[in-house]
Amino acid sequence: MQPDDTKLQFDERGNLRHFLSLKGIGAELLTQLLDDAERYLAAPGSLPIRSQSLAGRTVGNLFFEPSTRTRASFDLAGRRLGADVLNLDVNTSSRKKGESILDTIYTLEAMHVDVMVVRDASDGVPAYIARHVNDHISVLNAGESDVSHPTQGLLDLMTIRQHNDDFGNMTVAIVGDIQHSRVAMSASEALQTMGIGELRLVSPAALAPDADRFPGAHIVDNLADGLKDADVVMALRIQRERIGNLDGVPGINEYFANYGISHDSLVYAKPDAIVMHPGPMNRGIEIEGTLADGPRSVITKQVTNGVAVRMAVLDRIGKMMNAR
Ligand code: NCD
């Protein structure tokens, strides 16, 4: 993100046009998006809630990194709002033949794709695309390197708010590879905007973040202090694909013994603390399998909320487009 990219997200009337980062999204808009998302939650077993705010529009999913939940939920969210959804198969796309990202984007633009949902391993790609597309196109960030994952931040905030909406008196502990985690970045931004009481980032020294990337957070190197009286515990995967040199990173058994979220380690947290994980999970490394499947886990709720928040964002973009 460059400094003016937070402004790039809004059109001249102040409407959300691109969704690139949670930086620059205030508490009021975050709350509105979560309230909108709540309305897209259907009772289990009933038909999903639908609307037509994207009828006639085309959403293109461009995932230049692997994805299960984010891609599937953008796909379903677009369809449930009445859009056509194009899932570009990146492994067989021309970018593998050396085509530049902008040539791929201009090709989709020529096919009348209105919303481009982009995941990429390099910093700045969603904002770069947003600066180059035609005025009528919106770009949504579906995961940018280790920098940001704004819809994940929204769904995490929604899941936490369903447990407890008193952010000012809450302690959230995010545990794992904080240094390489875009999930930790976006969750922290959302929680700080909402005035979180205490945010702890817990990891071994080799995976600890740069303190100035997380202003206001407490960086902790052991689980007992990190989880003490926490209301929310979020476990993260070690981002091996982003770690050049694994020196100093604990092996699997050592990691699970010292940083794994398990029935044993959760005793430090509040008795009603919830357990979160963005997925994909490595059971037995960052989280104990039976805990992930148990009553304190809200991991499948996060997935359900993921579709709802993506519908809320797409709905807002669709209404902005229809008002033009
Ligand atoms: C995360 C991601 O891709 O950043 N997954 C997700 O979107 N749910 C987390 C991860 O890959 O570990």
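Predicted model: local features only at pLDDT ≥ 70, side-chain atom pairs only at ≥ 80, totals over all residues.
For a protein of 324 residues, a compact globule would have a radius of gyration near 20 Å, and because this protein has 19 Å, its value agrees with that expectation. Along its principal axes, the C-alpha trace of the protein spans about 55 × 45 × 35 Å, and its secondary structure comes to 11 helices and 9 strands.

With the overall form in view, one can turn to the ligand. The space that the ligand takes is the largest pocket, and around it stand Thr 70, Arg 119, His 149, Gln 152, Arg 182, Val 183, Arg 237, Gln 239, Pro 278, Gly 279 and Pro 280.

Some members of the shell can be followed down to single atoms. In the side chain of His 149, an N or O atom is 2.8 Å from an oxygen atom of the ligand, and in the side chain of Gln 239, an N or O atom is likewise 2.8 Å from an oxygen atom of the ligand. For Gln 152, the ligand atom concerned is a nitrogen, which is 3.3 Å from an N or O atom in the side chain. On its own the ligand has 320 Å² of accessible area, and the protein covers 93% of this.

The backbone also deserves attention, beginning with a part of the shell itself. Gly 279 and Pro 280, both among the residues that surround the ligand, are joined by a cis peptide bond with an omega of about -5°. Pro 280 has its place in the loop between β9 (274-276) and α10 (289-292).

Terms used
Residues numbered from 1 in each chain as written. Heavy atoms only, no water. Near = heavy atom within 4 Å. Polar contact = N/O pair within 3.5 Å; in protein donor to acceptor, adjacent residues only side chain to side chain. Areas by Shrake-Rupley, 256 points an atom, 1.4 Å probe, with all protein chains shown as cover. 1 Å grid on protein atoms, 1.4 Å probe; cavity = no way out; pocket = protein on both sides within 12 Å on 5 of 7 lines; lining within 4 Å. Sits in = over half its atoms within 2 Å of the grid points. Helix = DSSP H or I, 4+ residues; strand = E, 2+ residues; numbered from the N terminus. Rg over C-alpha atoms; globule rule 2.2 N^0.38 Å.
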